[in-house]
Amino acid sequence: GGGGGGDDYDPGFTDMQMQRVDRSEAMSFERDQEVMKILESVNDLASVMKDLSVLVIDQGTILDRIDYNCEQVSVTVEAGRTELVKAEKIQKNSRMIICIYGLIVMCVLMTMVVLFQKLL
């Protein structure tokens, strides 16, 4: 039987082809690593942008509160000014009333003095 040894022949890759395959695998692995790094960087950037968006929204809310508080202060100051004007008028009126009462008391006292002098 001839050809029994011929069945063991494997026409596989040559050494040069194997080196090319190894280099291609190494380059493919490197590219995969770089793509994974880029993907990680993009995810980190997305996270940073999301955090920044939250901060911007928070700052907007704070500015709205400050604006509202400034408006309320303006209203409150105007109401306070009005109350001060009223208080000033009342205080002036009360001084005049005290003066009038004082004059009335003096007039009554003087009248009593004059009456006592005429009786004596």
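Predicted model: local features only at pLDDT ≥ 70, side-chain atom pairs only at ≥ 80, totals over all residues.
1. Laid along the principal axes, the C-alpha atoms fill a box of roughly 180 × 20 × 15 Å.

2. Helix 1 covers residues 15–119.

3. What about burial? Of the 120 residues, 0% count as buried. The chain exposes about 11500 Å², with carbon and sulfur atoms supplying 65% of that.

4. One nonpolar surface patch of about 1000 Å² deserves a look; among its members are Ile97, Tyr101, Val108, Met112 and Phe116. Val108 lies in helix 1 and counts as partly exposed because its relative accessibility is 45%.

5. Charges next. The chain carries 12 positive and 19 negative ones, and their mean positions are 31 Å apart. Side chains of opposite charge can pair when their charged atoms come close. How many salt bridges does a search of the whole structure find? It finds two.

6. In one of them, Arg81 pairs with Glu78, with the closest N and O atoms 3.0 Å apart. These residues are three apart in helix 1, so about one helical turn separates them. Arg81 is partly exposed at 48% relative accessible area, and Glu78 is partly exposed at 42%.

7. The other salt bridge joins Lys86 to Glu83, closest N and O atoms 3.7 Å apart. Both residues lie in helix 1, three residues apart, about one turn. Lys86 is partly exposed at 46%, and Glu83 is partly exposed at 47%.

Notes:
Residues numbered from 1 in each chain as written. Heavy atoms only, no water. Buried < 20%, exposed > 50% of the residue type's maximum accessible area, 1.4 Å probe, protein only. Areas by Shrake-Rupley, 256 points an atom, 1.4 Å probe, with all protein chains shown as cover. Lys, Arg positive; Asp, Glu negative; His and termini not counted. Charge placed at Lys NZ, Arg CZ, Asp CG, Glu CD. Patch = residues over 30% accessible without salt bridge, like charges linked within 9 Å, V, L, I, M, F, W, Y side chains within 5 Å. Salt bridge = Lys/Arg side-chain N within 4 Å of Asp/Glu carboxyl O. Helix = DSSP H or I, 4+ residues; strand = E, 2+ residues; numbered from the N terminus.
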